[in-house]
Amino acid sequence: MSTADMNADGLTRRTAAELADLLRAGEVSSVEVTRAHLDRMAAVDGAVHAYLHVNTDEALATAADVDARRGAGEDLPGLAGVPIAVKDIVVTKNQVTTAGSKILEDWVPPYDATLVRLLREAGMPILGKTNLDEFAMGSSTEHSAYGPTRNPWDTDRIPGGSGGGSAAAVASHLAPIAIGTDTGGSIRQPAAVTGTVGVKPTYGGVSRYGLIALASSLDQAGPVSRTVLDSALLHEVIGVHDPLDSTSLTDPAGGLVEAARSGDLAGMRVGVVKELGGEGYQPGVRASFDHSVELLRSAGAEVVEVSCPSFDYALAAYYLILPAEASSNLAKFDGMRFGLRVEPHEGPVTAETVMAATRGAGFGDEVKRRIILGTHALSAGYYDAYYGSAQKVRTLIQRDFAAAFAQADVLVSPTAPTTAFRFGEKVDDPLAMYLNDVATIPANLAGVPGLSLPSGLSDDGLPVGFQVLAPVREDARLYRVGGVLERLLTQEWGGPILDKAPELETSR
Ligand code: GLN
């Protein structure tokens with residue numbers, strides 16, 4: 001590696017796997033790597049706003065500790081010393097966690113989420129907490145109570161959502177790797193529109209203990225990275241059974257890193273989902289998708305078309321099931337237990353009036369919209385018509401997946417119908433916003449794993465995401481297909497796609 005690659009800016013361009021190798025070889029220290037990212041944040045995060053909170057002291061202390069242990073000859077986990085960013089909906093002990101909401105402004109959790117504990121045990125310094133749409137509701141980060149994150153490809157455009165902060169941090173080289181959460185696409189869609197890789201593991205593959213719940217039957221945490229291999233490495237750190245989460249798989253998917261490195265598609269049947277990719281998909285997105293399918297074919301995959309007719313109803317079912325679960329999960333933010341407490345301006349101060357004043361002031365419009373929708377869908381007179389029907393559609397979607405996976409080992413589609421849109425374009429039109437997740441939501445409703453990787457640039461010069469879906473517990477297939485496609489595409493581009501993104505404005 002040249003000296004230029006080893007200077008501070010060079011270090012922020014390295015992948016997590018490369019940094020892990022350099023650290024293991026003693027060529028750099030974790031303190032140097034961590035400081036390089038903190039310095040770059042000071043220089044360019046003013047233009048991006050990927051982070052809500054930066055943990056300078058704690059990150060450097062963890063880095064110094066890892067360096068000392070390595071110096072003493074201790075055998076350390078693979079990613080020890082590689083810094084990471086964490087979406088601010090995952091609780092971190094003694095560090096503010098807001099979920100992007102005013103109602104949790106300044107809330108300091110008394111415990112760590114299981115996945116945070118695993119990151120700490122792996123010796124990964126936590127750089128800070130990343131921005132998101134309030135309570136992970138949205139596709140643009142415009143619903144964050146703390147202002148939006150900007151897309152490094154064009155700072156007038158959205159970085160996707162809800163995990164726009166984690167995706168933009170990784171795309172802007174403000175973290176080598178990050179944690180996101182995906183309830184309907186919030187890892188995969190931001191990855192797609194920022195030119196990064198994002199993975200939603202099989203439901204139950206990563207513990208939900210310590211994730212602030214949006215919709216418990218859909219939520220799943222997972223990796224955001226610049227390469228398929230990096231996601232596999234992180235997925236193996238966090239994909240561990242957890243007795244604190246009753247839906248945690250006792251035997252989560254394994255062999256992920258090996259699959260990412262396999263380089264082989266022999267005998268792999270790839271199913272193109274007919275319902276995900278036609279009308280409503282930007283022509284440049286479709287062209288990029290078709291090209292990637294051809295590359296998979298050239299690498300030895302057998303490509304078939306599959307039909308999943310119930311996917312046409314996935315969005316409608318999701319927007320009943322998600323608000324129903326969210327309205328129940330968010331009932332605990334009542335001004336009594338956590339964060340904000342607002343007393344009414346006039347009239348009696350009772351538990352009820354304080355709750356109403358607190359929730360009125362603390363929640364944003366999108367959150368209120370979904371609470372109203374959810375409580376309505378669950379109300380006695382409407383339960384069967386709305387929530388009950390949506391659950392039936394969910395079963396049909398699961399059956400469509402089962403039938404499709406009888407014909408193909410993996411399914412593929414564009415991750416999102418369009419590239420990154422401009423701020424303000426969809427924020428006042430909830431239905432237009434919801435349509436961003438039309439291709440990602442079916443996976444959450446069925447609990448199957450999904451990966452998005454960059455497949456190129458559309459004719460507007462913005463990144464396009466390619467989605468791979470696999471059956472439950474077969475997460476390794478995502479990495480196998482993703483690894484091969486990434487290698488072929490990177491050869492065509494002559495390097496990582498993010499090298500084509502413009503330089504960010506520095507405030508240094
Ligand atoms: N954009 C989707 C929504 O608004 C997905 C959210 C998510 O995955 N957290 O619900």
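Predicted model: local features only at pLDDT ≥ 70, side-chain atom pairs only at ≥ 80, totals over all residues.
**View 1. The annotated active site.** UniProt, in an unreviewed entry, lists K87, S162 and S186 under "active site"; such annotations may be inferred rather than shown by experiment, and their positions follow the numbering used here, with feature names shortened. These residues span 100 residues in sequence, yet no two of their C-alpha atoms are more than 10.7 Å apart, so they gather at one spot. Of these residues, S162 and S186 are included in the lining of the largest cavity. On a 1 Å grid over the protein atoms alone, a cavity is a set of points where a 1.4 Å probe fits but cannot get out, and lining residues have an atom within 4 Å of a point.

**View 2. The ligand in its cavity.** Here the ligand sits in the largest cavity (more than half of its atoms lie within 2 Å of the grid points). Have a look at T183, G184, S186, Y318 and D437, which come nearest of the 16 residues around the ligand (a heavy atom within 4 Å counts as near). Helix α12, residues 314-329, gives the most to this shell, with three residues; helices are DSSP runs of H or I with at least four residues, strands are runs of E with at least two, and both are numbered from the N terminus. The shell divides into six nonpolar, seven polar and three charged residues, with Asp, Glu, Lys and Arg counted as charged and Gly among the polar ones.

View 3. A polar side-chain atom of S186 lies 2.6 Å from a ligand oxygen. From the backbone, an N or O atom of G138 is 2.8 Å from a ligand nitrogen, and a polar atom of G185 is 3.3 Å from a ligand oxygen. Taken alone the ligand exposes 290 Å², and the protein buries 100% of that (Shrake-Rupley method, 1.4 Å probe).

**View 4. Two backbone details in loops.** The peptide bond from G161 to S162 is cis, with omega near 0°. S162 lies in the loop between β3 (126-130) and α7 (164-171). N94, a residue other than glycine, has a positive phi near 65°, and lies in the loop between β2 (84-87) and α6 (114-121).

Note on methods. Residues numbered from 1 in each chain as written. Heavy atoms only, no water. Polar contact = N/O pair within 3.5 Å; in protein donor to acceptor, adjacent residues only side chain to side chain. 1 Å grid on protein atoms, 1.4 Å probe; cavity = no way out; pocket = protein on both sides within 12 Å on 5 of 7 lines; lining within 4 Å.
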